[in-house]
Amino acid sequence: MFTHIPNYPQIEKIETGIKGFDLISNGGLPKGRTTLVSGTAGSAKTLFAVQFLAEGIQRSGDAGIFVTFEEEPADIRRNVKSLGWDIEAWEEAGKWLFVDASPDPGEEQIESGRYDLGALLARIEYAVSRIGATRLSMDSLGAVFAQFRDGAIVRSELFRISSILRQLKVTSIMTSERTQEYGEIARFGVEEFVADNVVILRNVLDDEKRRRTMEILKYRGTSHQKGEFPFTVVSGRGILAIPLSAMELKQKSSNVRISSGNDALDSMCGGGFFRDSIILASGATGTGKTLITTEFLNGGAKHGERCLLFAFEESREQLFRNADGWGIDFEAMEASGLLKVVCAYPEAASLEDHLIEMKDIIEHFKPHRIAVDSLSAMERVATPKGFREFVISLTSFIKHQEVAGLFTSTTPTLLGGTSVTESHISTLTDSIILLRYVEMNGSMRRGLTVLKMRGSTHDKDILEFNIDGSGMHLGNPFRDVTGILAGNPRETPYDFHSL
Amino acid sequence: MESKTQYHLKLFVVGSSPRTEQAIASLKRICEDEFPGCYELVVIDVLSQPALAEEMKILATPTLIKERPLPARRIIGDFSDKESVLAGMGLLVR
């Protein structure tokens, strides 16, 4: 027999449609409640408020009211056009209604005696009933306080508005200003009357780089992800949050092997890379990272797989010429539709923007293999924390696609050494290949070793390799040398080593 | 023949409550004292005419708009203080 478990009332949430935010908030905004969205100037508060309504209309036809205390409706309509939102069309369709409470610059207003904001309340109620709105945004509370002398009246009236919206079952956002990124929640003590749910938007200057983050500070009676999550504003799409901890590690693990594009390397790895694994190739400049990448892509194309290369260090021309020099015809691969090369300067955009763009390209091209040469170039444009988040997010995204990813990382020193990239990524990768210079008897030679190969045995030797017009050729192990990986190779008598 | 009306006033209120009634009475008293017979006062209930409130961008109630003589002025409050109401209309002559 079943025992009946009582259903406790749960706070329902509605998906905002703001990508990433719904994950961070474990399902969206609390339904029928007011959420305070607080941020400094330029933290994308107004955009958040607009997007909340725009997504509602586009995704589920939810009608929305925009109460503006600051900008005039005409300005808002114009400003969001570039994001692809046609407010005018929505107004005509009866899906969007402005309540224009922006200050009238021409008319002076004098206060004499007691008053309340009954007219505003009546206008909001009227607007909600006119189009059957279920979403409402108010932007911004600071501007209401600027219009009236008595802050106490404004506070109590805003409280009245939020409780009426609750009765009307309207899910709403109120934006408010902050003066500091880390400090009081909002000016004018507004958090005290809409304190149930607070989202903070930040726009922090860190090490000369702008970094936008969002944080859910509180969500009364319901769960959410904790901490700051980076987000970016993309033209044509608006706010995109990049949830890290909200992502689940649920990718499958495959036993299918794919070729690295080099037979000798395949056999070192115990028969090739796994189809859905992330491989890190690390080494100093000139040790052959781009070559490994090129062969990896060629190996895919030879088996009819689509290959995608993100190049952050070399131009398209250079890459094609390099490949040509190793006997690989990138042009033919591209013409057959099996190769796509995307070159970008790391400095051209913020890391968050790069990430969004890379994800878009991956989703669109649907590659079987992805190479990033080099991942460490991205360290230049980010803070250490930002870079780590980027790597984690990109790795998990690629793993979700269940395709193979090869990342290269440039070590800062020519001999030995590790890079920041390695320490961030090594635990996330399934395989690590080290490429090293080996100085012996007055000449520079190159060595390769497979350091890690998750789920498989692999060759533990450090093999010498040469590069010529037909690519990489692995040779014999450095049997009589130690200290290669540490960067100070020393010759040791062979028989001593083998004892 | 020219109209005697010189003062065109619009008053926005919400519903009818003792406070609203009192504000209307106070305003009428001021008008009768200062410009008897030459004013027009239109009282608008925001609840029955929300579209008009939207058009006029009314937030607070009571709100008095002195439309004529120009310049137009807005006064919010309950008109309990005659001097400040007249000052607000730009009519206080010292």
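This is a predicted model: local features need pLDDT of at least 70, side-chain atom pairs count only at pLDDT 80 or more; totals for chains, interfaces and linings use all residues.

N26(A) counts as partly exposed because its relative accessibility is 32%, a value that lies between the 20% limit for buried and the 50% limit for exposed residues. The backbone of N26(A) has a positive phi of about 50°, although the residue is not a glycine.

**Backbone features of chain A**

- N26(A) is located in the loop that runs between α1 (21–24) and β2 (29–30) of chain A.
- K169(A), which is not a glycine either, has a positive phi of about 60°.
- The loop between α7 (151–167) and β8 (171–177) of chain A holds K169(A).
- K169(A) is classed as exposed because its relative accessible area of 62% is over the 50% cut-off.

**Cis peptide bonds of chain B**

- R68(B) and P69(B) are joined by a cis peptide bond, with omega at about 0°.
- P69(B) belongs to the loop between β3 (63–68) and β4 (73–77) of chain B.
- A cis peptide bond also links L70(B) to P71(B), again with omega of about 0°.
- P71(B) is likewise placed in the loop between β3 and β4 of chain B.

**Position of H400(A)**

- H400(A) is part of helix α13 of chain A, which covers residues 384–401.
- With a relative accessibility of 34%, H400(A) is counted as partly exposed, since this value falls between the limits of 20% and 50%.
- H400(A) and W96(A) are 304 residues apart along the chain, and their C-alpha atoms are separated by 37 Å.

**Overall architecture of chain A**

- Chain A contains 15 helices and 25 strands.
- Taken along the principal axes, the box filled by the C-alpha atoms of chain A is roughly 100 × 65 × 40 Å.
- Of the 499 residues in chain A, 56% are buried.
- Among the contacts of chain A with a separation of 6 or more, 68% are between residues 24 or more positions apart.
- Chain A has an accessible surface of about 21,900 Å², and carbon and sulfur atoms account for 50% of this surface.

**Domains of chain A**

- Chain A is divided into domain 1, comprising 13–105 and 114–244, and domain 2, comprising 257–498.
- A distance of 45 Å separates the C-alpha centres of domain 1 and domain 2 of chain A.
- Contacts between the domains of chain A involve 13 residues of domain 1 and 13 residues of domain 2.
- Domain 1 and domain 2 of chain A bury about 1,100 Å² between them, with 57% of this area coming from carbon and sulfur atoms.

**Interface between chain B and chain A**

- The size of an interface is often given as the accessible area lost when the parts come together.
- For chain B and chain A, the buried area is about 2,300 Å², of which carbon and sulfur atoms give 54%.
- K57(B), L59(B) and I76(B) supply 32% of the area that chain B buries against chain A, which is more than any other three residues supply.
- At this interface, 28 residues of chain B are in contact with 25 residues of chain A.

How values were computed:
Residues are numbered from 1 along each chain as its sequence is written. Chains are lettered from A and ligands numbered from 1 in the order in which they are written. Side-chain values use heavy atoms; hydrogens and water are left out. Helices (H or I, at least four residues) and strands (E, at least two) are DSSP runs, numbered from the N terminus. Buried means under 20% relative accessible area, exposed over 50%, partly exposed in between (1.4 Å probe, protein chains only). Contact means heavy atoms within 4.5 Å. Accessible areas come from the Shrake-Rupley method with a 1.4 Å probe; for residues, only the protein chains shown count as cover. Domain bounds come from an automatic or database domain assignment. Buried area is the accessible area (1.4 Å probe) that two parts lose on being put together, summed over both.
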